[in-house]
Amino acid sequence: MKNKFYKFAIGAILCLSVIAPIATFATHYTSTQNEKETNLETKILQSLDADNMYNNIKFLSKTPRVAGTQQEDAAVAYIKKQFESYGYKAEVQAFTFNDYTAPNSIGLDVERFSKKLNPQALEYSVSGKATAEVIFAGLGQKNDIAQLDLTGKIILLQRGVISFKEKMLNVAAKGAAGVIFYNNAPGTIMGSLGEPNKAYVPSVLLTQTEGEAILIHLNKNPRAVVSLNIEGAKSAQNTSHNVIATKKPNVSNKASHDILVIGAHHDSVASAPGANDDASGTAMTLELARVLKTIPTDTEIRFITFGAEELGLLGSNHYVEQLPKNEISRIVANFNLDMVGSKDAGELILQTVDNKPNLVTELAQDASTQLNGAPTPYNQGDSSDHVPFSKAGIPAALFIHNPAEPWYHKPQDTIDKISKEKLQDVSEIVSIAVWNQIKIDRQVK
Ligand code: BES
Ligand code: ZN
C-alpha cells in the first residue's frame, strides 16, 4: 500500500515537472490566439450594420429587376459600385439566355367540331398561321411518320416516349404546317419545346380529353380542316450578369487554397420589386463583403450576386459551369442567402438539396447555437442558387425563413416588409459560421 502510494507520488512529481512548463507555454500561446480571435469575432459582430443592408435593399427594390432588363443592369451597376466602395475589384460576368415571350393569342378551330377547346402554348412555340387538313401521326416518332405525307398538313400528335421537341422536329422536317399536341394522361401540363429552333412550325397543346375527342371526330370527318393562329410569341437572345468580388487569403498555409462562396440573386420576377426576394440576400452579401474586407483569413472568399435566378438558376448555373475543375474542387462551401429579411416570414431555416447536413449546415448550426443557444434547423429545398453548387459536389445550403411571407413574388414584396432585426440575426449567424471556417489558426479543417 505504502509502496504503491510512494510510486504514484514520485511519478506525479516527475510528470508535473515536465508538463508544467509546456502547459504554461501552451496556455500562453492559445490564450493570445484566442484573444485575437475573440477580438476579430467581436469586430465582425460589431461592424455588421442592419441599416446598411436596409438602405441597400431600399435602393434595389424601387422597381422589379427582371434578368436582361435595364433595371437589372442598374442593379448590377449599383452592386459593383458598392463592392468597389469597400475596396474590392468587382468583376461583371455576362452570360446569354433565351428570353421567350409566350403568345398573347392562341386560335384553334377544327372544322365541324362543336366542343369548346382550350389550346395552350408550349414554351418556345412560334407565332404563325396555318389552315390545312389534319392528320393523326401517333407519337410522332420517325417510324410513325415514315409512310405519311405530311407536306402542308397540320399534325395531331400524342405526348409520350420522345420529347415535344423531337416530335416537332420530326414532323417539321417532313413539311408539316402546324402541330396539335395532346396529353397522354389526365390533367394539364406545362409543355416546352426545350429551346428555340428556326425549324419549328406553329403548335398548341391540348388535354387528353380534347385530343381524344378530335381523334373520334377525325374518324367521322377524315379530311377535316384545322386553322391554327398563334400571335405574339417571340424568342430572343438576352444577356444577364453575375457580379463577383473576391477577397484573397491573407496567409499561405494548408488551407489557403480553399475558396468559400457567399452568394445571393439580384434579379426579381416581373410581378415583384423583390425587396425580400432577393434584394435582402444581395444586401447581406454586400454587408458581409464590407465587414470581412479587413479581417485576416486563410481562405479565399468570393462574394457573388447572380442574375437570372428566377428564370431557372441561370446565373449560378453559368458560374459553376464556367469554373475550371480545379477551382470547383477548391470550393469548400456555398452560403446561399435568399429571402433573409421579411417581417412576415417565419423562422430561419437551412435548406440542402439532398436533405442531409453538410459543412455549411454544420457551421451555421454551431454559429446559431453559439449566438442563440439553439441550432438553426434544416430541411430539403432546391429552389435557389445553391443547387448548381450542390450538383457539382460542393457543400451548399440556402438560408431562408420558413414559412415564406405572403408577399413572395407579389407586388407587395417591398421595403416596408423588411425587418432590420431579421437581417441582423441572419447576418450574425452567417458571419460567425463563415468566420469559424476562414480564421487563420484553424486546427481542424
Ligand atoms: N427565393 C425563391 C425560392 C424560395 C421561395 C425557396 C420560397 C423557398 C421558399 C426563388 O427566387 C424562386 O422563386 N425560385 C423558383 C424556382 C427557380 C428554379 C426558378 C421557385 O421556387 O419557383
Ligand atoms: Zn429568390
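# Exercises on two ligand sites and the chain around them

Sorted by class, the shell around ligand 1 holds four nonpolar, four polar and four charged residues; here Ala, Val, Leu, Ile, Met, Phe, Trp, Tyr, Cys and Pro count as nonpolar, Asp, Glu, Lys and Arg as charged, and the others, Gly among them, as polar. The model is a predicted one, in which local features need pLDDT of at least 70 and side-chain atom pairs count only at pLDDT 80 or more, while totals for chains, interfaces and linings use all residues. Residues are numbered from 1 along each chain as its sequence is written, chains are lettered from A and ligands numbered from 1 in the order in which they are written, and side-chain values use heavy atoms, with hydrogens and water left out.

## Exercise 1: the surroundings of ligand 1

Determine which residues are around ligand 1, and which polar side-chain atoms of Asp338, Tyr408 and His409 lie at what distances from its atoms.

Step 1. A residue is counted when one of its heavy atoms lies within 4 Å of the molecule, and this gives His265, Asp277, Glu309, Glu310, Gly312, Leu313, Asp338, Met339, Ser383, Ile400, Tyr408 and His409.

## Exercise 2: the zinc site

Identify the protein donors of the zinc ion (ligand 2), classify the geometry of the site, and say why His265 and Asp338 tie together separate parts of the chain.

Step 1. Donors are N, O and S atoms within 2.8 Å of the metal (3.2 Å for Na, K and Ca), and water is not among the atoms, so sites may look incomplete. The protein donors are His265 through NE2, Asp277 through OD, and Asp338 through two entries of OD, all lying 1.9 to 2.5 Å from the zinc ion.

Step 2. The angles among the six donor atoms range from 52 to 164°, and the site is irregular. Four donors count as tetrahedral if all angles lie between 85 and 135 degrees; four count as square planar and six as octahedral if opposite donors are over 155 degrees apart and all others between 65 and 115; anything else is irregular. For comparison, ideal angles are 109.5 degrees for four tetrahedral donors, and 90 or 180 degrees for six octahedral ones.

Step 3. Along the sequence, the donor residues follow the spacing H-x11-D-x60-D. Because His265 belongs to strand β9 (residues 259-265) and Asp338 to the loop between β11 (331-337) and β12 (347-352), the pair ties together parts that are 73 residues apart in sequence; helices (H or I, at least four residues) and strands (E, at least two) are DSSP runs, numbered from the N terminus.

Step 4. Buried means under 20% relative accessible area, exposed over 50%, and partly exposed in between (1.4 Å probe, protein chains only). With 0% relative accessibility His265 is therefore buried, and so is Asp338 with 4%.

## Exercise 3: backbone features

Locate the cis peptide bonds that join Asp277 to Asp278 and Asn402 to Pro403, then decide whether Leu313 and Val161 are buried or exposed.

Step 1. The peptide bond from Asp277 to Asp278 is cis, with omega near 0°, and Asp278 belongs to helix α7 (residues 275-292). The bond between Asn402 and Pro403 is also cis, with omega about 0°, and Pro403 is placed in the loop between β14 (396-402) and α12 (420-438).

Step 2. Leu313, a residue other than glycine, has a positive phi near 60°; Leu313 lies in the loop between β10 (300-306) and α8 (314-322) and is buried, because its relative accessible area is 13%.

Step 3. Val161 likewise has a positive phi, near 65°, in the loop between β4 (154-158) and α5 (164-173), but Val161 is exposed, because its relative accessible area is 69%.

Notes
A polar contact is a pair of N or O atoms within 3.5 Å; within protein, one must be able to donate a hydrogen and the other to accept it, and residues adjacent in sequence count only if both atoms are side-chain atoms.
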